[in-house]
Amino acid sequence: MDLGRSNSVGTALWWFALMLMVAAVPAVATVLLMGSVTLALTVALITLGGLGLAALMI
């Protein structure tokens, strides 16, 4: 990613990748440690909601 140019598509893809990774880590850990896919989806949604609220404050 070229940091010198402003590209809205590149920025959107970067944020999408960041949100996916941030939500995937606790979700995978939940599946591995507790074995519950439903709980993992709940954890991922809560994580995405928190990241979305943080992004609004930037």
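Select valine 22 to begin: at 33% relative accessibility it counts as partly exposed, a label that covers the range between buried (under 20% relative accessible area) and exposed (over 50%), with a 1.4 Å probe and protein chains only. This is a predicted model, where local features need pLDDT of at least 70 and side-chain atom pairs count only at pLDDT 80 or more, while totals for chains, interfaces and linings use all residues. Residues are numbered from 1 along each chain as its sequence is written, and side-chain values use heavy atoms, with hydrogens and water left out.

Valine 22 sits in helix α1; helices here are DSSP runs of H or I with at least four residues, numbered from the N terminus. Now show what valine 22 touches: leaving aside neighbours within four places in sequence, it is in contact with Thr47 and Leu51, contact meaning heavy atoms within 4.5 Å.

Helix α1 (residues 8-34) and helix α2 (residues 37-57) pack at an angle of about 150 degrees, their axes 8 Å apart. The axes are lines fitted to C-alpha atoms over the stretch in contact, and angles run from 0 to 180 degrees between N-to-C directions. That makes α1 roughly antiparallel to α2, the term for angles over 145 degrees.

Select the contact itself: on the α1 side it includes Trp15, Met19, Val22 and Ala23, and on the α2 side Val43, Thr47, Leu48 and Leu51 are among the residues. How do the residues of this contact divide into nonpolar, polar and charged? There are 16 nonpolar, two polar and no charged.

Last stop: aromatics. A search of the whole structure finds one aromatic pair, pairs being rings of Phe, Tyr and Trp (its six-membered ring) with centres within 6.5 Å. The rings of tryptophan 14 and tryptophan 15 have centres 5.3 Å apart and planes at 85 degrees, so the pair is edge-to-face, which applies over 60 degrees. Check the surface as well: tryptophan 14 is partly exposed at 43% relative accessibility, and tryptophan 15 is partly exposed at 30%.

Key. Helices (H or I, at least four residues) and strands (E, at least two) are DSSP runs, numbered from the N terminus. Angles under 35 degrees count as roughly parallel, over 145 as roughly antiparallel, 65 to 115 as roughly perpendicular and the rest as oblique. Ala, Val, Leu, Ile, Met, Phe, Trp, Tyr, Cys and Pro count as nonpolar, Asp, Glu, Lys and Arg as charged, and the others, Gly among them, as polar. Rings of Phe, Tyr and Trp (its six-membered ring) pair if their centres lie within 6.5 Å; planes under 30 degrees apart count as stacked, over 60 as edge-to-face and the rest as tilted.
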